[in-house]
Amino acid sequence: MSNEGKHFSIKNWSEDDQPREKLLYKGKNALSDAELVAILIGSGSRNESAVELCKRILQQNNNQLHQLQKQSIQQLMQFKGIGEAKAITIVAALELAKRLQLSETKELTKIGSSEDVFKLMQPIIGDLPHEEFWVLLLNNSNKVIYKLQLSKGGLTQTVVDIRMLFKTALEHLATALILVHNHPSGQLVASGADKDITQKIKLAGNSLDIKLLDHLIITQTGYFSFADEDIL
């Protein structure tokens, strides 16, 4: 009988190559993303080990966990060897990772740099397939006292209600604010519309003694800061 088509399970590998044993004896940092996901699903298909299957899934998502996180249960089930139970396990694990990241950022209440804003908001809007516009309201100590979603738009644009922004800012006695929106395209470039709305909000804030500190454009992996680029 030829070996072609024969299933070689992880149990037949050397101990060093088995993800569970590797995690146990070498620690979690020794495992690749594919090996960690393989532990979640437990087994592969008839002709493909769990690790090989997970490598293929990741390759089709540009080897980016952020991109894999966007996959639905139905999309994951398109891969041979991934049934509903395995797809649910992957989705649940990645959602837990996202929530952990969010819980950690809750401790970050004081804004001292554009990077602080990115860490706070990237888990919220960085991975979205549509554009959203948010405002962080701050007190005299630059602590975030309220996060306001001003709009939720399509893939290319969103509409910002400036009156609603300052109504909420006054209600919370904010002394400063930071604008944040995402670019689903991944492009970290400020458009003409981005610059126009920034200037309108800055001028409106000046008349109410509410200072605009920054405007960030956020993607999955990075950000663009108007203040850092000195174009505020």
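Aromatic pairs come to a count of 2 in this predicted model. In one of them, the ring centres of Phe224 and Phe226 lie 5.7 Å apart with their planes at 85°, so the pair is edge-to-face. Phe224 and Phe226 are both buried.

Let's move on to the sheet. Its 5 strands run in the order β2-β1-β3-β4-β5, making an open sheet with mixed pairing. At the edges stand β2 (144–152) and β5 (223–225); each has a single partner strand, so one side of each is left without a neighbour in the sheet. From one strand to the next, the twist averages 20°.

Inside this order, β1 and β3 pair in the antiparallel sense, over 6 bridges.

| Element | Residues |
|---|---|
| Strand β1 | residues 132–138 |
| Strand β3 | residues 176–182 |

Which residues lie nearest its centre? They are Leu65, Ala93, Leu94, Ala97 and Lys98, out of the 17 residues that line the largest pocket. Two or more lining residues come from each of α2 (33–41), α4 (65–69), α6 (84–105) and α7 (114–125). Of the elements, α6 gives the most to this lining, with 6 residues.

Key:
Residues numbered from 1 in each chain as written. Predicted model: local features only at pLDDT ≥ 70, side-chain atom pairs only at ≥ 80, totals over all residues. Heavy atoms only, no water. Pairing = 2+ DSSP bridges. Helix = DSSP H or I, 4+ residues; strand = E, 2+ residues; numbered from the N terminus. Axes fitted to C-alpha atoms, helices over the stretch in contact; angles between N-to-C directions. Phe/Tyr/Trp six-rings, centres within 6.5 Å; stacked < 30°, edge-to-face > 60°. Buried < 20%, exposed > 50% of the residue type's maximum accessible area, 1.4 Å probe, protein only. 1 Å grid on protein atoms, 1.4 Å probe; cavity = no way out; pocket = protein on both sides within 12 Å on 5 of 7 lines; lining within 4 Å.
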